[in-house]
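Subject: Structure handover

Hello,

I am passing on the structure we talked about, and below it you will find a short account of what came out of the analysis. Please open it beside this message as you read.

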There are 2 protein chains.
Amino acid sequence: MELEIKLRMQNRVETILCPPGANLLELLHQYGYSVYSPCGGKGRCGKCLVRVSGSAVELTDPERQHLTQAQIEDGIRLACQLKVTGNLEIDLSPTDQLVILADDSGGDVQLNPHVRQEEIRLEQPRIDQQDDYWQRIQQQLGRKEIASQALCRLGELEQKLDLLVTFSDGKVLDIDDPQAVAAKSGYYGLAVDIGTTTIVLYLLNLTNGAQVGVHAFANPQSRYGGDVITRIDYTINRADGVQKLQDTLLESLNQGIQHLVRKHGIDTTKIYHAVFVGNTVMLHTLLGVNAASIANAPYVPIFTDGMEFSARELGLGIHPDGIVELLPCVSGYVGADIIADLLAADFESNQWRLLVDIGTNGEIILGNKEKMFACSAAAGPAFEGANIAFGMSGIPGAIASYQLESSGEIRYQAIANQEPQGICGSGLVDIIASLYSRGFLSSTGAFQTGLSITEYQGQPAYRVVPGKEIFLTQKDVREYQLAAGAIAAGIQVLMSEAAITETAIDRLYLAGGFGNYINPESAAVLGLLPQSLLTKVVKLGNGAGAGAKHYLLDRSARARVDKLKQRIKYVELSARADFQEHFMGAMLFPEIRA
Amino acid sequence: MELEIKLRMQNRVETILCPPGANLLELLHQYGYSVYSPCGGKGRCGKCLVRVSGSAVELTDPERQHLTQAQIEDGIRLACQLKVTGNLEIDLSPTDQLVILADDSGGDVQLNPHVRQEEIRLEQPRIDQQDDYWQRIQQQLGRKEIASQALCRLGELEQKLDLLVTFSDGKVLDIDDPQAVAAKSGYYGLAVDIGTTTIVLYLLNLTNGAQVGVHAFANPQSRYGGDVITRIDYTINRADGVQKLQDTLLESLNQGIQHLVRKHGIDTTKIYHAVFVGNTVMLHTLLGVNAASIANAPYVPIFTDGMEFSARELGLGIHPDGIVELLPCVSGYVGADIIADLLAADFESNQWRLLVDIGTNGEIILGNKEKMFACSAAAGPAFEGANIAFGMSGIPGAIASYQLESSGEIRYQAIANQEPQGICGSGLVDIIASLYSRGFLSSTGAFQTGLSITEYQGQPAYRVVPGKEIFLTQKDVREYQLAAGAIAAGIQVLMSEAAITETAIDRLYLAGGFGNYINPESAAVLGLLPQSLLTKVVKLGNGAGAGAKHYLLDRSARARVDKLKQRIKYVELSARADFQEHFMGAMLFPEIRA
């Protein structure tokens with residue numbers, strides 16, 4: 001007997017079939033639906049929310065639901081904890097919206113792409129000048145290799161003398177008739193930022209440098225775990241796990257490319273270059289490389305070098321001889337996304353500069369034009385909403401900013417101005433900073449008298465919005481302290497390594513989604529960021545995406561990237577006694593200045 | 001209604017189905033049977049012989065059969081002229097044996113392959129030494145690129161420190177566990193000689209340089225024409241012609257590789273390098289490149305440079321990251337097979353040396369260690385049996401050597417000591433030289449009185465073997481004169497170009513199948529080769545195959561090949577007035593010396 005499940009999404013309804021007893025989350029993943037499940041379906045993170053109509057389901061572990069009474073009454077359940085026992089209707093919309101940071105600070109980049117296109121004219125061959133066609137092309141472009149398919153194209157052009165040649169420094173990738181319609185539409189490149197949570201594709205016209213389109217979507221690997229460690233665990237437990245991660249990722253990338261080219265009326269074979277950035281684990285999974293060695297000490301990746309392949313070799317749906325490049329990583333936990341951040345920032349200064357990119361890990365770079373140090377502080381997923389009672393990622397309904405006035409009045413903003421449903425990272429920092437500023441939290445993070453405290457899941461809890469079932473628990477404050485303490489301590493360690501103090505730093509770059517949305521003043525109040533740098537903050541927006549685009553448009557960025565890769569000294573925090581000392585201190589909130 | 005045709009081959013019988021009225025040759029090609037048909041099925045060459053049992057066939061053009069009465073009585077027909085009208089039994093054996101020259105003169109080659117395999121041991125990563133695995137490998141092997149699949153393998157090996165690395169100068173192709181059984185079986189390379197008629201695959205063990213096996217088979221492109229021009233014509237007339245030529249060729253290569261690896265118990269993924277030689281048109285078709293521009297003046301190919309691709313890019317069934325190399329060609333009619341001949345020969349001398357490789361074209365190289373000249377004399381297919389009444393290629397039953405004693409006694413040898421059925425190239429030279437030596441041919445090639453002359457197809461004809469229906473016609477002698485005259489004139493032109501005479505030449509290399517079997521004395525009697533060089537002949541055997549193997553085993557051959565490609569000056573005979581003069585003279589047989 002097959003059961004029927006009707007799936008209601010934002011704009012459509014689909015029906016899938018399953019045997020009785022199927023696990024709903026596994027089923028959804030199996031059918032290709034992206035459901036955010038950062039704990040990998042273990043019932044711990046409470047994120048894979050669906051709304052169930054009908055009672056033909058069975059909870060595998062009612063204790064693990066972490067749901068409010070209101071949610072339960074509303075039919076909300078964790079998909080991972082449901083066994084299907086009869087025909088059902090499921091509303092997926094609680095999970096399928098994600099606010100994604102695809103803007104970036106931009107900045108002027110010179111158009112000088114690695115892949116170029118030139119119209120050339122060959123001399124008419126003569127019986128006394130029998131140089132072959134490929135020789136004649138090289139006489140104009142310099143000595144190069146050529147893709148076999150480009151040779152075929154050259155042959156198909158039947159001795160035409162006017163040619164449109166697409167080439168990189170080392171290789172001719174394609175040859176076309178400049179009179180052909182398709183040839184006149186320009187040629188394109190992709191910059192791709194593979195985040196653990198979100199993937200952003202930028203389609204750029206390499207003829208004029210214009211951004212043709214951008215497409216962002218949730219990383220479908222989330223179905224195998226929300227953070228890199230859970231995904232690596234998945235690969236350790238399943239023989240085909242590494243392959244699954246790669247297949248899932250590549251498939252979504254190719255769909256994303258299709259979406260972009262259809263929308264903008266472009267032929268995929270006119271895309272000749274794709275530049276990828278992402279953290280080290282994401283880039284391992286992109287190539288189908290086992291990243292297990294990154295998960296455990298001594299955290300050694302399989303590769304960190306920049307890589308270059310043909311699209312054919314990787315299976316990416318652009319021109320098969322198109323160049324796929326991965327920017328280099330620094331270490332297992334300082335990835336190519338940070339190298340890309342650095343391209344969007346300016347470290348070619350005599351002054352020291354600090355860059356902080358906070359996600360599950362806080363990657364920190366401290367450097368000037370001579371020396372650079374990098375570390376990764378294991379902040380944990382608190383800033384991304386995990387391990388926080390009402391934590392959620394930056395999706396509509398998440399409280400993203402929050403202020404508790406001295407009058408007791410509360411001002412807050414939920415993303416997309418929707419009804420508040422939980423708290424994302426920047427909201428968490430604001431709430432805790434508000435409470436601390438008002439004296440309702442001690443410097444050790446304990447709730448103080450004067451604050452109206454209730455209880456949630458056995459924890460002392462602060463009702464964040466009056467009349468709403470959204471709480472900040474004492475445990476949430478601890479989670480924040482662990483996360484923020486690690487980052488603040490990381491900054492301290494790099495300053496010792498560079499033998500400088502805060503005063504030597506003239507710029508603080510904040511990168512990544514959280515860095516963009518965070519209120520730096522709140523972060524400084526809590527000591528997450530150095531107080532003295534408040535006036536020196538530059539928000540990079542999606543620095544990784546901007547860096548990838550920069551790299552795509554200007555091949556001189558290669559030399560800068562190579563230099564960065566060589567210059568950056570990675571500092572392993574777990575190996576340093578001083579990190580533990582700084583960490584203990586940094587968990588305390590700093591004294592409040594007058 | 002479907003008709004049934006039983007096909008009898010050397011060791012097996014197969015049955016195919018067809019509609020009434022199907023052309024037998026097309027049908028055989030359609031089902032993948034390789035039937036030699038150099039004229040492309042036009043009923044001109046008389047080569048696509050089959051033996052028909054039953055009368056359910058219809059001749060489309062009885063005039064075009066060019067068959068002897070004996071053959072007709074024996075049921076022999078031209079497949080291209082048969083329409084199938086009922087169930088049939090067809091014997092394919094007259095066409096499916098080919099004597100192929102896969103021996104070569106060999107010679108000592110140093111084992112120093114381009115693709116190498118090394119067992120390395122990495123240092124144990126430590127928390128204070130976090131270099132990634134790929135960095136550690138490069139620290140031992142030098143800076144290189146790496147194939148993405150090799151990175152995956154490295155990841156799969158789960159932090160093993162003992163690694164077996166397969167790499168070229170620039171790139172790591174594969175990584176394995178040296179303890180794995182498959183890793184212990186060595187690694188392999190292929191040298192491939194793609195002749196217009198015959199393909200030879202050599203499988204070499206790159207661990208020790210040993211030749212593991214050799215597999216020769218007819219070039220299946222023959223179904224689209226026996227010579228390169230007919231095949232190019234086919235591509236001009238059919239939109240998918242170029243693709244067909246490539247597909248047919250690649251499919252047979254991959255089958256050939258499968259045959260070899262199964263026979264020798266080797267895994268195809270242990271083959272990491274394939275070196276291809278062949279004439280310029282064959283190499284174009286290997287890559288799927290239109291060769292039409294070679295067929296017409298000014299005979300300019302699409303490419304002549306050496307090429308390097310991954311097996312994945314070409315679709316060759318070895319390790320997907322294995323290197324596929326094509327040796328460079330000199331011009332449209334002096335191909336990589338001649339460059340390979342030169343690797344097997346020695347032109348690094350102060351003395352002048354001459355190399356002649358006679359097939360449909362006679363490729364001629366004259367040079368010393370400073371200068372080299374090349375030309376291609378359009379000999380036509382006479383030496384391969386086409387356009388000769390009883391001509392045939394070097395298959396069993398072909399008269400390959402022939403002597404007419406002054407006593408009138410005839411000595412001859414047919415290949416494989418079979419009943420003589422026709423005359424191959426070396427036999428043709430011997431017969432004409434014998435007749436000329438005995439005074440039965442004038443220096444202009446006319447039959448002289450004293451020879452018993454009969455008539456065949458309206459031509460004066462000499463019965464080659466008493467009692468057998470095998471004739472040499474007056475027209476055959478003319479065909480020979482045209483072919484030989486072109487080659488002799490080519491040699492003359494190169495000598496003028498080098499400003500030398502025969503006496504300056506200290507070695508004459510004969511390459512290719514015909515060169516190996518020809519009786520140099522007969523060739524000298526007729527002026528095909530200079531008389532004074534008779535004592536200086538060195539037969540290279542299959543020089544092209546030997547050169548390809550040499551290149552595979554010793555990467556220093558690359559520098560030699562590059563130098564040859566640069567040093568050789570191509571002389572286009574059709575553009576030279578002196579060629580015509582020499583040609584007219586060279587068609588006359590030289591005076592017989594005392």
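Which residues of α10(A) are buried? Before answering, please keep in mind that this is a predicted model. The buried residues of that helix are A336(A), D337(A), I338(A), I339(A), A340(A), D341(A), L342(A), L343(A) and A344(A). Since helix α10 spans residues 336-344 of chain A and nine of its nine residues are buried, the helix is largely enclosed by the rest of the structure.

Turning to the chain as a whole, chain A contains 17 helices and 29 strands, and buried residues make up 55% of its 594 residues. A compact globule of 594 residues would have a radius of gyration near 25 Å, and the 26 Å of chain A agrees with that. Along the principal axes, the C-alpha atoms occupy a box of roughly 100 × 70 × 40 Å. If you take the contacts between residues at least 6 apart in sequence, 67% of them join residues at least 24 apart.

One pair of helices is also worth a look. Helix α5 (residues 228-237) and helix α6 (residues 241-264), both of chain A, pack at an angle of about 130°, and their axes are 7 Å apart. Because of that angle, α5(A) counts as oblique to α6(A). On the α5(A) side the contact is made by R231(A), Y234(A), T235(A) and N237(A), while α6(A) contributes G241(A), V242(A) and L245(A). Sorted by class, this contact has three nonpolar, three polar and one charged residues.

Best wishes

Definitions and conventions
Residues are numbered from 1 along each chain as its sequence is written. Chains are lettered from A and ligands numbered from 1 in the order in which they are written. This is a predicted model: local features need pLDDT of at least 70, side-chain atom pairs count only at pLDDT 80 or more; totals for chains, interfaces and linings use all residues. Helices (H or I, at least four residues) and strands (E, at least two) are DSSP runs, numbered from the N terminus. The radius of gyration is taken over C-alpha atoms; the globule rule is 2.2 Å times the number of residues to the power 0.38. A residue is buried if 20 or more other C-beta atoms lie within 10 Å of its own, exposed if 12 or fewer, and partly exposed in between; C-beta atoms are placed from the backbone. Two residues are in contact if their C-beta atoms, placed from the backbone, lie within 7 Å. Axes are lines fitted to C-alpha atoms, for helices over the stretch in contact, and angles run from 0 to 180 degrees between N-to-C directions. Angles under 35 degrees count as roughly parallel, over 145 as roughly antiparallel, 65 to 115 as roughly perpendicular and the rest as oblique. Ala, Val, Leu, Ile, Met, Phe, Trp, Tyr, Cys and Pro count as nonpolar, Asp, Glu, Lys and Arg as charged, and the others, Gly among them, as polar.
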